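Here is a short note for a colleague opening this entry for the first time. Please keep the structure in view while reading the points.

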Amino acid sequence: MSNKSYQITENNQVMIQGGEKKVMKKILSVALSTAMAFSMFASVAFGDDALNTQQKFDVLKEKGIFTGYPDGTAGLTKDMTRAEFAKVLVGVLGLEPIEGKASFNDKNYTTTMWATPYIEAVYAAGLMEGKNTTKMIFDFNGKITVQEMAKVLVIAQDLDIPTETDNAASDWAKGYVQAAINSGLVDAKANPKANASRGQLVEVAYSIYLAAQKPAVVSYEVKEDGKVVEFKLANNEVVKVTLDDALKSNVATDVKFTHNNYEYTHSVTWVVTAASKVEKASASNLKQVVVAFDGEVDKATATNTSNYSLSGFTFSNASLSADGKTVTLTIAQTSGTLSQQTEYTLNLKGVKNKDASRTFSQGVKFSPVDTTLPEVSEVVGLGTKAFKVVFSEPVEPTSVQSTSNFQLNGSTVNGYVTYQYPNIAIVTTDLAVGEHELLVRNVKDFANFTLLQETKKFTVAEDTTAPEIVSAVTHDLSKVTIEFNETVKSVGTVYHTSAGKTGVPTVIDNKVVVDFSANH
């Protein structure tokens with residue numbers, strides 16, 4: 001159901017919307033309620049089983065929506081006129097009757113006729129127009145048929161009009177009636193051309209009246225890991241709904257429930273920023289495992305390699321994605337290579353979510369599948385003495401360290417290559433300021449797939465500033481990760497406390513991991 005204004009049509013005449021926007025909003029809102037109530041024409045048992053049609057009429061009469069006949073009867077079996085229908089619409093929709101105006105040319109249609117203010121109200125609001133819009137004849141004593149109502153409701157519901165029909169409606173109404181039948185609004189056995197009786201309209205109006213009394217959902221709260229939703233209604237009642245299946249985090253889901261004989265359908269989104277579960281582990285290359293969570297995780301515990309274990313392997317690095325939901329684990333360079341399409345179990349222990357409300361300690365199965373060739377992701381000038389080549393995945397060191405696999409501006413590189421595991425080559429050579437073109441070839445990944453010959457352009461500028469430390473992080477005091485504001489080409493001596501307590505540095509782009517195990 002779309003949330004927009006519709007062009008309302010009646011019979012075979014087009015009704016052009018008019019009136020104030022606030023009035024049209026009321027009409028459309030109740031027209032949608034009418035669409036739900038209209039299904040009552042499909043059976044004998046209408047509406048609220050606790051009240052019969054006469055009792056419903058009495059309720060509506062008390063509210064001023066219906067008026068009885070002078071003899072005191074409700075006339076439930078009589079056909080309702082268009083004038084009477086206009087009055088019911090005004091009462092149900094809460095429209096203001098318009099006095100002192102007579103837009104139609106019907107005989108005896110004057111400003112003093114009892115129905116004129118109601119007809120003018122629905123006409124001004126764009127809900128009803130005349131049977132003959134050219135001559136401006138409203139036909140206030142004419143009857144309302146099922147097919148006329150069906151057309152209005154189908155358009156209000158924005159239902160698709162089928163090309164194939166099987167009903168006894170008039171030609172102009174066949175598509176509308178069929179759409180109403182297909183959507184369950186009208187019984188296929190109903191006579192579309194029959195006039196709607198006052199009793200039938202009482203049933204529809206009563207349902208609309210009840211819908212207007214129905215307290216709206218003003219807020220909701222998702223609890224118990226998405227298994228329970230508590231809805232707060234406009235009358236301050238709280239309705240607890242227990243779901244058969246837990247909601248999926250951050251996905252809009254329609255939740256249906258019934259309360260005090262009112263049916264509700266409300267879109268609910270369980271907003272989760274902190275992770276509630278491990279979604280999966282995967283490996284698209286043979287040196288890295290990617291762990292995906294359904295929300296954010298704590299950076300300190302998520303990037304601590306000691307919180308992960310994989311039989312037969314050790315991890316040298318754990319990095320967290322920018323959105324805080326994905327951890328990439330890099331297998332140590334000397335710790336072997338995963339096997340294609342072999343099932344492994346990655347064990348997590350001590351990884352916490354963002355708000356520390358949950359700790360993940362579990363095994364997750366995965367099977368590596370590497371089907372892609374390595375590529376050059378970027379080439380970056382590092383001043384006039386070196387440049388950096390970043391590959392799309394971990395690459396085999398011997399294929400990277402050969403200078404013959406790099407041509408700079410059409411010539412073999414005159415210099416040397418330093419491999420930074422897992423996917424970086426630092427090429428040291430003299431460079432002029434300006435644009436250069438690099439050709440890379442014969443580089444292999446750990447699945448033995450070879451990079452296709454690739455050319456990249458990059459720009460070199462003078463580097464006049466020393467690198468600066470951005471952060472230093474340690475998980476167990478034996479290993480420290482130092483992050484710089486730019487790529488680091490090499491590191492000399494690193495020590496803590498005194499010059500004798502040195503560590504073993506490993507350079508990975510702009511980070512230096514220093515192992516102090518021997519001098520802890």
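1. Strands are DSSP runs (E, at least two residues), numbered from the N terminus. The model is predicted: local features need pLDDT of at least 70, side-chain atom pairs count only at pLDDT 80 or more, and totals for chains, interfaces and linings use all residues. Residues are numbered from 1 along each chain as its sequence is written, and side-chain values use heavy atoms, with hydrogens and water left out.

2. Start with N250. This residue sits in the loop between β5 (238–242) and β6 (252–259). Its phi is positive, about 60°, although N250 is not a glycine. Most residues other than glycine have a negative phi. N250 has a relative accessible area of 36%, so it counts as partly exposed (buried is under 20%, exposed over 50%, partly exposed in between; 1.4 Å probe, protein chains only).

3. Look next at D225. The loop between β3 (217–223) and β4 (228–233) holds D225. Here too phi is positive, about 55°, and the residue is not a glycine. D225 is partly exposed because its relative accessibility is 43%.

4. Check the bond from Y421 to P422. This peptide bond is cis, with omega near 15°. P422 belongs to the loop between β19 (416–420) and β20 (424–428).

5. Finish with a sheet. It is open, has 4 strands in the order β23-β24-β26-β25, and its pairing is antiparallel (two strands pair if DSSP finds at least two bridges between them). β23 (469–474) and β25 (504–508) are the edge strands, each pairing on one side only. β25 and β26 (residues 511–515) pair over 5 bridges. In this pairing, I508 stands opposite K511 of β26.
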